[in-house]
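Subject: Structure handover

Hello,

Here is the structure for your files. My notes on what turned up in it follow below.

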Amino acid sequence: MPAERIAMRQVRDVLRLKAAGLSGNEIARRVGVAPSTVRLTLKRLAAAGLDWPLPAEMTDAVLEAQLFTAVGTKQGHRRRTEPDFAAIHRELKHKHVTLQILWDEYIERDADGYRYSRFCDLYRGWASRVSVTMRQAHAGGDKLFVDYAGDTVPVIIDRLTGKTRRAQIFVAVMGASNFTYAEASWTQALADWISAHTRAFEAIGGVPNLLVPDNTKVAVIKACLYEPQVNRTYAEMAAHYDTAILPARPRRPRDKAKVEAAVLIVERWLLGRLRYRRFYSLAELNAAIGEMLPQLNEERPIRRLGVTRRALLEELDRPHLKVLPAEPYSFAEWRLRRVGIDYHVEVEAHFYSVPYRFARSEVEVRLTPRTVEIFLKGERVAAHLRSSGNHRHTTVPEHMPSSHRRYADWTVERIRREAASIGPATAALCELILERRPHPEQGFRSCLGIVRLLRPFGADRLEAAAMRAVEIGTLTYRSVRSILDNKLDRQTTPSRAADAVSVLHLNIRGPRYYH
């Protein structure tokens, strides 16, 4: 079967990153596609004569049409000055620094030092004995590993009964410095996941080049070794902070060894010390975690390195971190929906209108805490204020066909005015219909039909038919229509004399009430 086309938003990202001077492999990593896909996309863009920035009026449909036409070494007895392997390990985290450079500097300080091969063997032997979280070489400011701890913390939510709820612990750790951030949330859902990332960036004071999550469903829709499908909202958040997402390879636990070790440290350093404390709110738990994190990052040196995580953050990561944007990311979810035949889209048990010409189309819905935006092929076709899930409709008049707009102009108040203008009998009949229904809107269409009988039958006949319907107690549109069709409005009812004066009042039940 043919390969699936790259999304147009990814095509725009490829073109933008290429204009910024990034290599093809780097673009592939940031966009989340194969390098071959990037090369093919750039060829198509060049053939189409497209360059960044694209024209503002170029929609995704137009763009698509233009692109797709027709283990360690044993150490022996040493008689030379030992290098500072902890310092060498830190220096290797700097960009462009190699063991050759560090050995040259070592020999300049001590001409009788170890030869290069022995120097490398000794360093690798030292590094093999460092904790597993230190074995991977991470450049400064490059990666932030994120995950949730396996253990949870009980929080008392009812002081009277002692009922508790388990709080989840989010953990983020910088690859080079091991600077660790943690916070508690009620769930591992998308909203809590994104919010935890934004606060982690604030705690670090910058943005790393890459985010490395596990293949959790909240981050990765479909795990794949080569082209993992990242959650749309997560990718949007990463783009807002000018970073990229590089999920750990499926079934490769060593890819996330850094965060796994950080989770273990957090569970022992924080949760172990908090095991006897009682918390009565999530804010109280986060306050306790916030008090203990500085001790972990600023007062407790990393074993064998002799420096704190904060010091390493300032030395290794800070020069390479990207600046935080002026505004934090505003959380938004994306949903795939199909427009109904009534040109409304159902989202969270509420219905929102789109222009009627898009009925039955497949659209993308962007949900924020306050707004609902609806997109068709990358173009926004509707925007609404978000409403509660009450199964009601939010309709913009401009989205309706002209015939529907004329119908929508009719309201209960207008029906009352129109009925009163015809005559007192029609007004009384419509009022009785509206009041005797559980909700006035349930009698709306019946009254509308009665009022519209004015045009074919005239005001006099409609008044007489309404009078007869009230007298016999048949308060429906069909009854009034039947009276008019059979010309019963021209006959007097047998229950009253010809000279009797008819009295119309809402409190008068009529003769049918007694039979």
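**Salt bridges and a sheet**

Glu 431 has a relative accessibility of 17% and counts as buried, because the limit for buried is under 20%. Please keep in mind that this is a predicted model, so every value here is computed from it.

The partner of Glu 431 is Arg 416: their side chains meet in a salt bridge, 3.1 Å from N to O. Arg 416 sits in helix 14 (residues 412-422) and Glu 431 in helix 15 (residues 424-435), so the pair ties together parts that are 15 residues apart in sequence. Arg 416, at 35% relative accessibility, is partly exposed.

Over the whole structure, the search finds 21 salt bridges. One network, joined by salt bridges that share partners, takes in Glu 26, Arg 29, Arg 30, Asp 242 and Lys 322.

Another of the pairs is Asp 13 with Arg 16, whose closest N and O atoms are 3.4 Å apart. Both belong to helix 1 (residues 8-19), where a spacing of three residues separates them by about one helical turn. Asp 13 is partly exposed at 27% relative accessibility, and Arg 16 is partly exposed with a relative accessible area of 32%.

Glu 236 and Arg 366 form it, with the closest N and O atoms 3.3 Å apart. Glu 236 lies in helix 9 and Arg 366 in strand 12, so this pair ties together parts that are 130 residues apart in sequence. Glu 236 is partly exposed, with a relative accessible area of 21%, whereas Arg 366 is buried at 17%.

At the other end of the strand order, strand 13 (residues 371-376) pairs with strand 14 in the antiparallel sense over six bridges. Within that pairing, Ile 374 stands opposite Ala 382 of strand 14.

Regards

Notes: Residues are numbered from 1 along each chain as its sequence is written. This is a predicted model: local features need pLDDT of at least 70, side-chain atom pairs count only at pLDDT 80 or more; totals for chains, interfaces and linings use all residues. Side-chain values use heavy atoms; hydrogens and water are left out. Two strands pair if DSSP finds at least two bridges between them. Helices (H or I, at least four residues) and strands (E, at least two) are DSSP runs, numbered from the N terminus. A salt bridge is a side-chain nitrogen of Lys or Arg within 4 Å of a carboxyl oxygen of Asp or Glu. Buried means under 20% relative accessible area, exposed over 50%, partly exposed in between (1.4 Å probe, protein chains only).
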